[in-house]
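Biologist: I have not looked at this one before. Can you put it up and take me through it?

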Amino acid sequence: MAELVIGMPLTLAERIDQVFPTLKPPQVARIAAHGRRRQVQPGEVLLDVGDQLRFFVVTEAKIDIVSASGPSESLIVTLQPGQFTGEVNMLSGRRQFTRIRATAAGEVIELEREQLLALVQTDSELSDILMRAFILRRVELIAHQVGDAALVGSNHSADTLRIKEFLTRNSYPHAYVDLDRDPDVQDLFDRFHVGLADIPVVICRGQFVLRNPSNREIADCLGFNEAIDRTHVRDLVVVGAGPSGLAAAVYGASEGLDVLVLESDAPGGQAGSSSKIENYLGFPTGISGQELAGRAYTQAQKFGAQIMIAKCAKKLACDRKPYTIEMDDGQTVPAHAVIIATGAVYRRLSIDNASQFEGAGVYYGATFVEAQLCRGDEVIVVGGGNSAGQAAVFLAQSSKCVHMLVRSESLAASMSRYLIRRIEENPAIDLQTCAEIVRLEGNDHLERVQWRDKRTGKTETRDVRHIFVMAGAIPNTRWLDGCVLVDANGFIKTGTDLTREDLTNAGWPMARPPHLLETSLPGVFAVGDVRAGNVKRVASAVGEGSIAVASVHQVLRE
Ligand SMILES: Cc1cc2nc3c(=O)[nH]c(=O)nc-3n(C[C@H](O)[C@H](O)[C@H](O)COP(=O)(O)OP(=O)(O)OC[C@H]3O[C@@H](n4cnc5c(N)ncnc54)[C@H](O)[C@@H]3O)c2cc1C
């Protein structure tokens, strides 16, 4: 059995056989058929931090996996014969962030990443064992902050929150150094020649110091997209990795299509910012959006889909085929078919100074990251839909009081019945109907909020430092710049919603009518929240993503 050193919480001790399983001889033999056997010597580094990934199974040696991002090493685990290296990076092709060293002479089996991908796609028994171990190892790395990224910031800074969310939602293990609490921060600053004015700072791969970097800069430095080829024409490019885009990636790749996904932020989309999704089929006790997204992301990669992170589609060149999608870094990717899965975002609070407090008291998502910031405080949730209801119920667990402000007279028309009951029965939630925010006050952070009862005109002012806004969705369609027909609110029209007149105006060139989820541009589909008529639920987004793939096959045959 592996000798595990870090932390070793009870749950891990119980699950150690799944995290570091020992393969049986016939299983090892099946892996050996995909790779090569080689000798190792004590002290030999098989893989170092930053190297391209390879996979090892120990047959007669002993291997240490150590964390080596700082000046000193710390042992994570010692692997024995029958055990193997690797974690979810093996699927994405991102670089190694631990050091792997032989400690005893002997033999290992070595596989290149492509050989490992072929193995997990063809051998379902080994695929189960390896995938489970890889995912559980990532969970442990995150829990113990073992990785090659450190964030130094302050809980009062909006950019710190942005970066924390970006790393967390991408399930990237990282250490967080809180400027306001950590006494050792000056040492770190001195070592990397950083001053307070540079905050937040990301120390990437233990060497590069990024001062208040954009999400794209972080992704580039950590090599999120390095292994992805952008030159060849893909069968399918999916834009957006929310539930609908991830579903399209899973179904497309598992059915043999060459799929590339572009995601401007992190996998999961709006669902990724939900603390708990309770109405998704098969999860009777609910599942966090982050977990659902993480599973779908790994699943898509297992089937061979490639997912580019922090790459925003800026333009669709729709006047010639193959279509080309231009990204915000100026690079382009060509595709025979495109699925638009760019979803929607919440309307910004229409108060003059609201943008001043974004990330510093005004938030458009309610995950554990934000909940930590307002623990024990009074908070406001704005909105009357399911997402606002969920946020209120979730925040009520850790906040002193949640004022839920709804513009309409009741929740009945906009929220699921189960959530309405939870809100009504929760003494920590104060529901205010016909209410709207009229004033925000504060300096660097929100400090005070005033709202008004629309029926009586009476206002109420409270010292509230956190508002969660979840009202009114706007589709992410501006980047399409007229390539596909949209409705009056900007949502994309598809299938039978496109009238004969629409198609004539759009210059529809085919003898056949558009497929079910096809837009006014042949071979370009729209799924999920971005589509006109979609019901704005995770299940429908997932359903549409998978249905569209069936039509993509037909289009590719045309
Ligand atoms: C807080 C919250 C709680 C919710 N709870 C529930 C629930 O309990 N049950 C339920 O059924 N539904 C829930 N919903 C609704 C559900 O999450 C959405 O219906 C669903 O996420 C829609 O999926 P989607 O893939 O269509 O779009 P989105 O989830 O919006 O994903 C779109 C993705 O596209 C990316 N993107 C946008 N523009 C670009 C671009 N130009 N280039 C590249 N990428 C781009 C975005 O970054 C995003 O990741 C909730 C929503 C929220 C916000």
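Modeller: This is a predicted model. I'll start with a proline: Pro200 sits in the loop that runs between helix 7 (185-192) and strand 11 (201-204).

Biologist: Is the peptide bond from Ile199 to Pro200 cis or trans?

Modeller: The bond from Ile199 to Pro200 is cis, and its omega is near 0 degrees. Most peptide bonds are trans. There is also a cis bond from Lys321 to Pro322, with omega near -5 degrees.

Biologist: And where is Pro322?

Modeller: Pro322 is in the loop between strand 16 (313-317) and strand 17 (323-327).

Biologist: What about the phi of Asn212?

Modeller: Asn212 is not a glycine, yet its phi is positive, at about 35 degrees. Most residues other than glycine have a negative phi. Asn212 is placed in the loop between strand 12 (208-211) and helix 8 (215-221).

Biologist: On to the ligand. Which residues come nearest to the ligand?

Modeller: There are 35 residues around the ligand, and the nearest of them are Ser244, Glu263, Gln270, Asn279 and Gln390.

Biologist: How much of the ligand's accessible area does the protein cover?

Modeller: On its own the ligand has 1000 Å² of accessible area, and the protein covers 94% of that.

Biologist: Which elements supply the shell around the ligand?

Modeller: At least two shell residues come from each of helix 9 (243-254), strand 14 (259-263), strand 19 (344-346), helix 12 (386-396) and helix 15 (538-557). By class, the shell has 15 nonpolar, 15 polar and five charged residues.

Biologist: Now the helix packing. How do helix 2 and helix 5 pack?

Modeller: Helix 2 (residues 25-32) packs against helix 5 (residues 124-143) at an angle of about 95 degrees, and their axes are 11 Å apart. Helix 2 is therefore roughly perpendicular to helix 5.

Biologist: Which residues meet there, helix 2 to helix 5?

Modeller: From helix 2 there are Gln27, Arg30 and Ile31, and they meet Glu125, Leu126 and Ile129 of helix 5. That contact has three nonpolar, one polar and two charged residues.

Biologist: And what about helix 4 and helix 5?

Modeller: The axis of helix 4 (residues 113-122) comes within 6 Å of the axis of helix 5, and the two cross at roughly 115 degrees. Leu116, Leu119, Val120 and Thr122 of helix 4 meet Ser124, Leu126, Ser127, Leu130 and Phe134 of helix 5. Six residues of this contact are nonpolar, three are polar and none is charged.

Technical notes:
Residues numbered from 1 in each chain as written. Predicted model: local features only at pLDDT ≥ 70, side-chain atom pairs only at ≥ 80, totals over all residues. Heavy atoms only, no water. Axes fitted to C-alpha atoms, helices over the stretch in contact; angles between N-to-C directions. Helix = DSSP H or I, 4+ residues; strand = E, 2+ residues; numbered from the N terminus. Parallel < 35°, antiparallel > 145°, perpendicular 65-115°, else oblique. Contact = heavy atoms within 4.5 Å. Nonpolar A, V, L, I, M, F, W, Y, C, P; charged D, E, K, R; others polar. Near = heavy atom within 4 Å. Areas by Shrake-Rupley, 256 points an atom, 1.4 Å probe, with all protein chains shown as cover.
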